[in-house]
Amino acid sequence: MPFNPIKPTLRSCLIAVFLTSFLPLDASGQPENTPIVIAHRGASGYLPEHTLAAKALAYAMRADYIEQDLVLSKDNHLIVMHDIYLDNVTDVAEKFPGRARADGHFYTIDFTLAELKRLQVSGPFVSAVSRNFPKYAGRFPLWKSRFELVTFEQELELIQGLNVSLQYDTGIYPEIKKPYFHRAEGRDISREVLKTLKRYGYTSRKQKVFLQSFDAEELQHIHNTLMPELEMNLPLIQLIAETEWEEKRVQRDGKWVNYDYDWMRTPEGLKTIAGYADGIGPWLPMLVDEAGGSKPYVPNQLTSTAHQRGLKVHPYTFRADPQQLPDNLESFDDLLSLYLEDVGVDGVFTDHPDKVRKFVDDQRTPAATP
């Protein structure tokens with residue numbers, strides 16, 4: 001066959017395209033309006049949440065940011081955990097049966113790091129008829145393999161180490177869990193989080209970091225007092241909850257009541273948030289209204305109003321499990337299309353970062369020419 005100089009060139013190009021399709025893109029190299037992929041508690045759709053295994057898998061799945069929920073231990077270590085309770089992700093009831101408080105919960109803050117390291121971690125479960133059942137069917141089986149709780153430092157060192165060895169630039173997205181609870185226990189968790197971030201080099205907007213909380217007053221304290229005192233300037237994200245979720249409790253007339261989150265979803269509330277934060281993290285149903293016809297949901301005004309105030313919008317949580325899809329949407333891609341294209345959010349928290357990464361990359365890549 002005659003030598004054709006075009007074929008090797010074409011083959012080389014195809015090989016290059018094929019190989020680069022597996023390489024994470026540095027977010028700094030993406031177009032500014034490309035939505036970010038935030039691994040919600042790691043790749044928690046595939047491995048137990050907030051374990052180092054789940055974080056390493058999220059890194060491999062090309063998440064732009066990886067989330068860390070933070071609570072304090074008895075000896076003041078920052079533990080990466082979704083809640084202040086150990087109940088539904090560990091075997092604490094078996095290892096320390098007498099350590100629950102009067103309300104029946106086992107609190108992380110009542111255990112030392114050494115004690116916490118003795119616990120086995122599994123995916124979230126619910127207890128019924130003396131048995132544990134997985135909260136999400138079809139995910140990693142309960143109590144299989146061996147996973148443990150980790151400290152904030154351990155996770156930062158994992159992500160920073162992978163950034164060195166793989167030369168990617170994956171960011172972090174820590175959340176300060178229930179500052180009001182920690183204050184009632186005599187602890188200043190926000191200061192501990194900021195001190196740790198500073199020790200690991202996260203001090204300004206030059207690093208890939210967002211710091212989030214459901215506590216508006218705590219974020220204002222961080223913005224107005226703690227960060228200036230520690231010579232830090234990090235972007236803050238105001239998480240928005242439904243009031244009945246008890247993400248924050250306040251004392252009123254001598255009683256603990258739920259903090260009212262409704263003000264955050266008004267134009268004036270968003271204007272207030274823009275005075276101390278860089279974005280909002282709403283629950284995804286908060287951004288749409290039900291509609292008839294070919295599109296079951298349409299955007300409401302929350303995203304556009306937030307953008308007018310200069311706020312990023314990073315909703316939670318996008319799960320690809322069939323039973324987690326909203327009514328009237330046939331696929332996970334339909335859900336992503338609704339929020340990334342119609343609503344126009346700036347990023348999403350997801351248990352399945354690989355699926356969101358593929359959707360975002362497919363939308364960004366022009367269709368191939370025959």
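Predicted model: local features only at pLDDT ≥ 70, side-chain atom pairs only at ≥ 80, totals over all residues.
The crossing of H5 and H7 is right-handed. The axes of helix H5, residues 152-166, and of H7 come within 11 Å and cross at roughly 30°. Since angles under 35 degrees count as roughly parallel, H5 and H7 are therefore roughly parallel to each other.

**H5 with H7**

- On the H5 side the contact is made by Phe152, Glu153 and Leu156, and these meet Val193, Thr196, Leu197 and Arg199 on the H7 side.
- Sorted by class, the contact of H5 with H7 has four nonpolar residues, one polar residue and two charged residues.

**H7 with H8**

- Helix H7, which spans residues 189-199, also pairs with helix H8, residues 216-230, and their axes come within 11 Å and cross at roughly 45°.
- H7 and H8 are therefore oblique to each other, and their crossing is right-handed.
- From H7, the residues Ser190, Arg191, Leu194, Lys195 and Lys198 take part, and from H8 they are met by Glu218, Ile222, Leu226, Met227, Glu229 and Leu230.
- By class, the contact of H7 with H8 comprises five nonpolar residues, one polar residue and five charged residues.

**H11 with H12**

- Helix H11, residues 332-343, and helix H12, residues 353-364, have axes that come within 11 Å and cross at roughly 60°, an angle that makes H11 oblique to H12.
- The crossing of H11 and H12 is right-handed, and the contact is formed by Phe332, Asp333, Leu336, Ser337, Leu340 and Glu341 of H11 together with Lys355, Val356, Phe359, Val360 and Gln363 of H12.
- The residues of the contact of H11 with H12 fall into six nonpolar, two polar and three charged.

**Glutamate 49**

- Glutamate 49 lies in the loop between strand S1, residues 36-39, and helix H2, residues 52-60.
- With a relative accessible area of 10%, glutamate 49 is buried, because buried means under 20% relative accessible area.
- The side chain of glutamate 49 makes a polar contact with the side chain of arginine 41, at 2.8 Å.
- Leaving out residues up to four places away in sequence, glutamate 49 touches Arg41, Ser44, His82, Val89 and Pro124.

How values were computed: Residues numbered from 1 in each chain as written. Heavy atoms only, no water. Axes fitted to C-alpha atoms, helices over the stretch in contact; angles between N-to-C directions. Helix = DSSP H or I, 4+ residues; strand = E, 2+ residues; numbered from the N terminus. Parallel < 35°, antiparallel > 145°, perpendicular 65-115°, else oblique. Left-handed = near helix turned anticlockwise from the far one by under 90°. Contact = heavy atoms within 4.5 Å. Nonpolar A, V, L, I, M, F, W, Y, C, P; charged D, E, K, R; others polar. Buried < 20%, exposed > 50% of the residue type's maximum accessible area, 1.4 Å probe, protein only. Polar contact = N/O pair within 3.5 Å; in protein donor to acceptor, adjacent residues only side chain to side chain.
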